[in-house]
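Student: I have a structure open and would like to learn how to read its features. Could you walk me through it?

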Amino acid sequence: MRRGVVVGSGIGLFLGASLTAAMPLLPKLLPSSTTTWAIPALGAITGGIIAILKPRLDAYSAELNQRIANDLQRSEQAEEALAWAAGSREKLPVIEDVKNLALLGVHPAIPADEQGSSVGSGQPKYIERDIDQAIIRSLRDAKSSGGLVLIVGPAASGKTRTAYETLLAEIPGWKILAPSTGSDLTQAVESDAIPSETVVWLDDIDRYLESSPLVARAIRRAILDPDRAIIFQGTIWPEKYNELSSESTSSPVPSSFIEAPGEYPSPLHVGNFAQAVPDRGASGQIRDILRLAHIHDLPQQCSDAELARAVIVSHEDARVAEALRQSPCRDITRTLAAAPLLLRKLANPDNLLGRSVLSAAVHVRRAGHPKVIPELLLASLAEALYLTPAERADADGDWLGLAIRWASTPVCGAVAALKPYARRVGVVEGFEVSDILVEWSRKCGPQTDPYPEGFWQLLIDGAQPESCVNIGVQACKAEFPELAVAAWMKAADANEPAAMYNLANQAQQGGDEDGFLRWHGRACSLGYMESAADLGYHFAEAGKPELARGWYEQAAQAGNTRAIYNLGLLLSESGDKNGAAACYAKGVDAGDVGSMVNLAFIYHEDERVDESLELWERAAQAGSKTAMANLGLSEKDRGNISASRAWYLKAADLGAVSAMIGLGNLEMECRNHVAAISWYKKAIIAGEHRAHNNLGLLYERRGMVAEAELCLSAGAEANDERAMANLGHFYYRRGEIERSRLWLEKSQERGSPLGQLFLAVVLMEQGETATPVSWLDKALRESDETTVAGMVLALGTTGRVDVVFERFERMFPLRRGTRRKKRDAQAFFLMSFLAFHPVGAVLLTEWVKTAERRESSIPAILGACFMLGSLGNPEALRHCAKRAAAESDRDWVIVFSLQLIQLEYDKVLDGVANWCLTHDLVEAANWIVEVQSKERDPDKAR
């Protein structure tokens with residue numbers, strides 16, 4: 001049976017190589033029932049397993065040692081992090097045990113009457129808000145796996161109190177953690193110091209998110225931690241939410257319309273599974289984390305239902321009754337927080353010295369200074385900028401003390417515009433100004449409440465270096481870049497790495513590459529790995545992958561998830577698929593959504609469908625619109641139209657243009673043309689010019705020729721090469737050959753396989769065959785499967801199947817060498833085309849009949865026989881079986897007999913057996929009968 005072994009090995013080599021490159025063609029070229037013949041080829045992949053195991057085990061050993069070291073470091077950090085979190089080394093407090101709500105940022109309330117007498121202690125009785133039940137449902141949904149619940153509302157709208165009361169209603173026994181700064185929060189997450197069933201309290205969440213790029217990733221990591229349920233409960237002003245959640249016009253948009261190699265070019269833009277794009281920095285992370293949140297909007301004014309509940313509560317709480325009496329405009333919460341009185345104190349002061357201090361405090365906070373403002377800073381600003389010369393002349397030596405006492409005097413009850421702040425008894429560190437006044441100033445803007453001339457420079461001179469980082473950010477937003485640089489320079493001189501990071505990016509915007517590299521280098525030397533990640537991104541974009549890889553690896557080793565993710569992209573682009581997958585896996589462990597999307601993409605390519613879907617679903621739950629669009633496409637491919645539509649809709653709602661086009665394609669296939677047109681138009685409005693192409697083709701299908709021409713022209717003018725190709729074909733069908741060739745040549749020049757295909761058809765019908773044939777030959781030499789497919793289709797369409805057959809025939813006998821597998825794949829594709837084409841099938845059958853059975857051609861002969869037989873043409877198999885019988889070649893008789901049986905050509909095989917008997921080939925006939933007997937009796941076959 002030696003020849004049988006050779007035959008089996010040949011089939012494995014040929015089909016293993018062929019199917020690897022040509023698998024995308026099988027669904028289009030073969031009926032589903034015929035693809036089963038390739039199953040034996042799968043055994044060829046097992047040879048590499050042993051070679052893979054050892055390096056993976058070595059890598060795992062190294063990773064295990066690193067994990068042990070990391071665990072030791074985290075255990076040390078965890079004790080320290082819990083100490084600041086709880087205020088001592090004791091356990092975190094429980095929500096229902098928190099009594100002083102002022103510690104959580106809840107405003108103090110007015111007294112019961114104008115004389116200042118109070119009723120009861122603490123906060124007024126709570127008035128249930130209309131959104132409470134929705135917030136409670138969000139908390140309930142997040143209890144098992146964690147989440148972010150965000151209440152958006154203006155100052156003194158009651159959002160902080162509402163946030164606490166809903167927690168008290170749903171999860172009173174959970175622990176609560178209120179980190180002071182973004183770095184505190186990041187440290188707690190990175191050191192795994194936050195236990196399960198903990199609420200992380202983030203009042204004014206924007207001050208955490210804007211403090212460092214690490215905060216958003218830390219929140220995401222904690223939310224996606226499968227082993228702990230951590231809920232982040234936050235509040236934010238509407239204008240800050242809109243600012244942080246808005247898309248940047250310069251943000252990269254992933255291309256989801258890449259043609260799959262080896263497929264016939266499609267006239268439509270169809271969505272392939274997309275990868276996430278490089279992570280450029282913090283702004284995208286902040287937007288993503290806000291998309292992940294359960295958002296609840298709390299209006300300033302109470303609704304009718306809330307007013308009715310307030311009336312009921314007012315019978316039990318005199319402060320609520322007083323607020324109702326003073327609130328003709330439904331501003332009950334603002335009245336409870338004494339907002340009108342605070343604003344009156346600032347707008348109509350009865351103490352000009354106090355007004356100067358209070359105005360300075362409001363502007364200092366608006367300019368990005370932390371909540372606690374040092375007395376010396378207030379004094380220098382008030383004296384220099386807010387007092388007139390006459391007021392300075394009239395002021396005595398204790399003017400500052402008098403001014404602060406006036407500003408700190410409560411407007412009613414315990415509500416004051418300015419409050420002293422101290423962590424130790426008798427040691428005042430500074431003052432906090434009411435955020436009601438700060439919000440009012442921000443809404444007024446520089447036109448109504450301008451900063452005095454010289455304010456920024458004096459603020460920078462007087463502020464602490466660590467405060468200058470955020471002051472610089474606000475100066476930059478106020479369009480004072482020179483002052484922003486001054487603020488960051490002061491902070492950088494005090495070794496604040498975040499300031500160096502900002503200076504580097506400011507230098508890059510100004511075209512100063514040396515400054516960009518210098519400042520990022522200094523930040524890296526202080527361990528600020530966001531700078532290392534930025535340097536990696538910079539060099540990757542500059543086409544210097546080795547430099548990029550070095551910086552990414554430095555940041556990745558420090559646990560920077562952005563660097564881990566971007567390193568995966570870099571390795572993927574260089575062809576290191578295994579290295580990319582390893583990076584993405586680390587990113588997934590750290591909760592990075594982009595890593596989930598791209599690792600799922602790799603799994604999908606490797607046909608690990610269940611694993612890819614699981615990761616895409618995790619990423620979609622974390623708010624990834626790319627993952628949602630991929631799930632939409634996946635469900636569509638599996639025939640689950642309703643599930644596909646649902647995922648596409650979610651992605652489209654988040655602005656994913658690929659999902660809009662996917663919905664258009666889905667509705668078009670379902671013949672819902674009106675809906676399809678609507679989605680294509682939405683994609684166009686969203687800036688996706690490639691939707692013009694699909695809309696034009698749909699219009700043409702509906703007979704709306706003028707509209708089709710307009711749409712295809714719009715896409716072509718926007719440099720969409722597929723629209724150019726379809727527009728050229730549109731004019732070709734109308735007989736406008738010159739206009740047709742113009743657009744087809746433009747499309748072909750831009751590298752469009754579809755344009756090249758249409759142009760080849762036009763050229764050959766005009767007798768210019770040489771150019772398309774040269775394209776085919778070049779594509780075969782360069783193993784360009786997509787161009788090969790297009791040119792073969794063009795040749796078949798114009799009746800030049802003989803050219804395709806000549807190229808197929810030249811491939812045998814195949815020479816040994818490195819290109820063997822690629823040539824096998826090309827031969828398989830050409831064979832597939834010939835088998836499907838009526839003339840090609842005749843030529844292929846004759847080739848099988850005359851081909852010599854050499855080692856290099858045996859797999860092709862078997863493949864051609866099986867493919868022709870699968871398509872209802874058993875002539876080649878019949879001939880080969882007779883030829884083998886005539887040559888008394890038992891192995892070949894058995895092989896072709898088995899193929900005829902598998903394809904259910906029993907009568908044909910009976911005919912071959914009878915032919916053997918009539919030609920005195922009794923032994924061959926017995927071989928056939930033996931095969932038939934074993935196939936009909938499974939026990940004998942075994």
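Tutor: Gladly; let us begin with helix packing. An axis is a line fitted to C-alpha atoms, for helices over the stretch in contact, and angles between N-to-C directions run from 0 to 180 degrees. Helices (H or I, at least four residues) and strands (E, at least two) are DSSP runs numbered from the N terminus. This is a predicted model, in which local features need pLDDT of at least 70 and side-chain atom pairs count only at pLDDT 80 or more, while totals for chains, interfaces and linings use all residues. Residues are numbered from 1 along each chain as its sequence is written, and side-chain values use heavy atoms, with hydrogens and water left out.

Student: At what angle do helix H33 and helix H34 pack?

Tutor: Angles under 35 degrees count as roughly parallel, over 145 as roughly antiparallel, 65 to 115 as roughly perpendicular and the rest as oblique. Helix H33 (residues 657-669) and helix H34 (residues 673-685) pack at about 165 degrees, with axes 7 Å apart. The two helices, H33 and H34, are therefore roughly antiparallel to each other. With contact meaning heavy atoms within 4.5 Å, the residues that make it include Met-660, Ile-661 and Met-668 of H33 and Trp-679 and Tyr-680 of H34. By class, the contact of H33 with H34 has ten nonpolar, three polar and two charged residues. Here Ala, Val, Leu, Ile, Met, Phe, Trp, Tyr, Cys and Pro count as nonpolar, Asp, Glu, Lys and Arg as charged, and the others, Gly among them, as polar.

Student: And how do H26 and H27 pack?

Tutor: Helix H26 (residues 545-557) and helix H27 (residues 561-573) pack at about 150 degrees, their axes 8 Å apart. H26 and H27 are therefore roughly antiparallel to each other. Among the residues in contact are Tyr-552 of H26 and Leu-567 of H27. Ten nonpolar, one polar and two charged residues make up the contact of H26 with H27.

Student: Is Thr-561 buried or exposed?

Tutor: Buried means under 20% relative accessible area, exposed over 50%, and partly exposed in between (1.4 Å probe, protein chains only). Thr-561, in helix H27, counts as buried because its relative accessibility is 11%. Leaving aside neighbours within four places in sequence, Thr-561 is in contact with Arg-217, Ala-590 and Asp-592.

Student: What should I look for in a nonpolar core?

Tutor: In soluble globular proteins, nonpolar side chains tend to be buried together. A nonpolar core is a set of buried Ala, Val, Leu, Ile, Met, Phe, Trp, Tyr and Cys residues joined through side-chain atoms within 4.5 Å. The largest one has 171 residues, and Leu-209, Ile-219, Phe-232, Ile-289, Val-357 and Phe-455 touch the most other members. Its largest share, eight residues, comes from helix H29 (residues 593-605). Another core, of 76 residues, lies apart from it and includes Val-792 and Leu-868.

Student: Which phi value does Glu-607 have?

Tutor: Phi of Glu-607 is near 65 degrees, a positive value in a residue other than glycine. Glu-607 sits in the loop between H29 and helix H30 (609-621), and counts as exposed because its relative accessibility is 60%.
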